[in-house]
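I opened the notebook to record what I looked up. The entries follow in the order I made them.

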Amino acid sequence: MSDDSPSLLAFGARNMARRPLTSPRKHASQERSRATVEALVEATARILVREGFERASTNRIAREAGVSVGSLYQYYPSKEALVVAVIDRHNEEIMSLVRATVAQVAAEPVERAIPKLVAAAIEAHRVNPRLHRVLAEQIPRTGQLENVEAFDRQNYELFRTYLENHRDEIRPLDLDMAAFVCVTSVEALTHTAVLHRPDFLTDAAVGALVEEATRLVLGYLREAPAGPATRGARLPVHLAAG
């Protein structure tokens with residue numbers, strides 16, 4: 001049976017209908033309540049890294065945070081809602097680093113700025129990579145794909161703005177596509193390293209990963225466009241058939 005079969009789609013629709021609530025019940029406005037919320041989110045992150053999603057529960061999270069489970073339910077209706085809060089906090093930590101780097105290199109030429117931007121993107125994923133791995137697994141469960149898409153759009157827009165201001169240093173490009181290609185390429189490399197090649201993110205190896213990813217992005221931005229002969233060339237038979 002294919003993944004897009006009607007029966008599986010129907011099952012997915014029923015599952016979505018039963019999805020736990022993931023929006024906070026209320027937002028903390030006072031210092032004490034903000035401290036409680038922060039303790040709950042931090043406790044959730046620790047349990048996710050240490051024991052995984054399945055062993056997390058609202059009771060365990062409340063105990064870890066040092067608050068009553070009743071206090072937890074004042075703010076969050078489910079453990080999934082707490083996981084969403086952890087995802088949002090983690091994404092904001094990453095975006096803070098990326099935004100700061102983009103601001104720092106805004107006036108720098110491409111050959112100096114791109115290595116710093118690539119390094120920032122990779123360094124952002126080295127912020128608690130074990131948590132990043134767990135959260136990546138839980139995003140479909142919590143229904144936060146739209147949040148991830150919004151997060152990606154921020155990255156694209158920041159990088160596109162930089163390219164717009166440095167058009168004279170790169171080859172003629174559709175800047176929307178260029179931002180998509182560059183940001184997605186670095187994100188895919190780093191995300192895959194987090195999930196499958198954490199050895200590439202160690203202090204000893206991360207410099208080489210930054211260098212190779214920088215080579216990839218700079219080559220794409222500055223490589224001369226394909227000539228008529230290349231554009232008109234036929235694909236090899238085995239690729240055309242695929």
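How many residues apart in helix H8 are Arg160 and Glu164, and about how much of a helical turn separates them? I found them 4 residues apart in helix H8, so about one helical turn separates them.

**Entry: ground rules.** I am working with a predicted model, in which local features need pLDDT of at least 70, side-chain atom pairs count only at pLDDT 80 or more, and totals for chains, interfaces and linings use all residues. Residues are numbered from 1 along each chain as its sequence is written, and side-chain values use heavy atoms, with hydrogens and water left out.

**Entry: overall make-up.** I looked up the secondary structure and noted 12 helices and 0 strands. Helices (H or I, at least four residues) and strands (E, at least two) are DSSP runs, numbered from the N terminus. Along the sequence I read the pattern α-α-α-α-α-α-α-α-α-α-α-α. The protein has 242 residues, and 36% of them count as buried. Buried means under 20% relative accessible area, exposed means over 50%, and partly exposed is in between (1.4 Å probe, protein chains only).

**Entry: salt bridges.** Side chains of opposite charge can pair when their charged atoms come close. I searched the whole structure and got 19 salt bridges. A salt bridge here is a side-chain nitrogen of Lys or Arg within 4 Å of a carboxyl oxygen of Asp or Glu.

I returned to Arg160 and Glu164, which form one of these bridges, with the closest N and O atoms 3.4 Å apart. Arg160 is partly exposed at 28% relative accessibility, and Glu164 is partly exposed at 35%.

Next I checked Glu51 and Arg60, whose side chains meet in a salt bridge at 2.1 Å, N to O. Glu51 counts as partly exposed at 23% relative accessibility, and Arg60 counts as partly exposed at 26%. Both belong to a network of salt bridges that links Glu38, Glu42, Arg46, Arg50, Glu51, Arg60, Glu64 and Arg89.

I also noted a salt bridge between the side chains of Arg126 and Glu123, at 3.1 Å, N to O. Glu123 is partly exposed, with a relative accessible area of 36%.

**Entry: rings.** How many aromatic pairs does the structure hold? I found 1 aromatic pair. Tyr156 and Phe180 form it, 5.7 Å centre to centre with 55° between the planes, and the pair is tilted. Rings of Phe, Tyr and Trp (its six-membered ring) pair if their centres lie within 6.5 Å; planes under 30 degrees apart count as stacked, over 60 as edge-to-face and the rest as tilted. Tyr156 lies in helix H8 (residues 145-164) and Phe180 in helix H9 (residues 175-196), so the pair ties together parts 24 residues apart in sequence. Tyr156 is partly exposed at 21% relative accessible area, and Phe180 is partly exposed at 43%.

I then looked for charges over rings (NZ of Lys or CZ of Arg within 6 Å of the ring centre and within 35 degrees of the ring normal). The charged end of Lys79 sits over the ring of Phe53, 4.0 Å from its centre. Arg171 lies over the face of Tyr220, at 5.0 Å from the ring centre.
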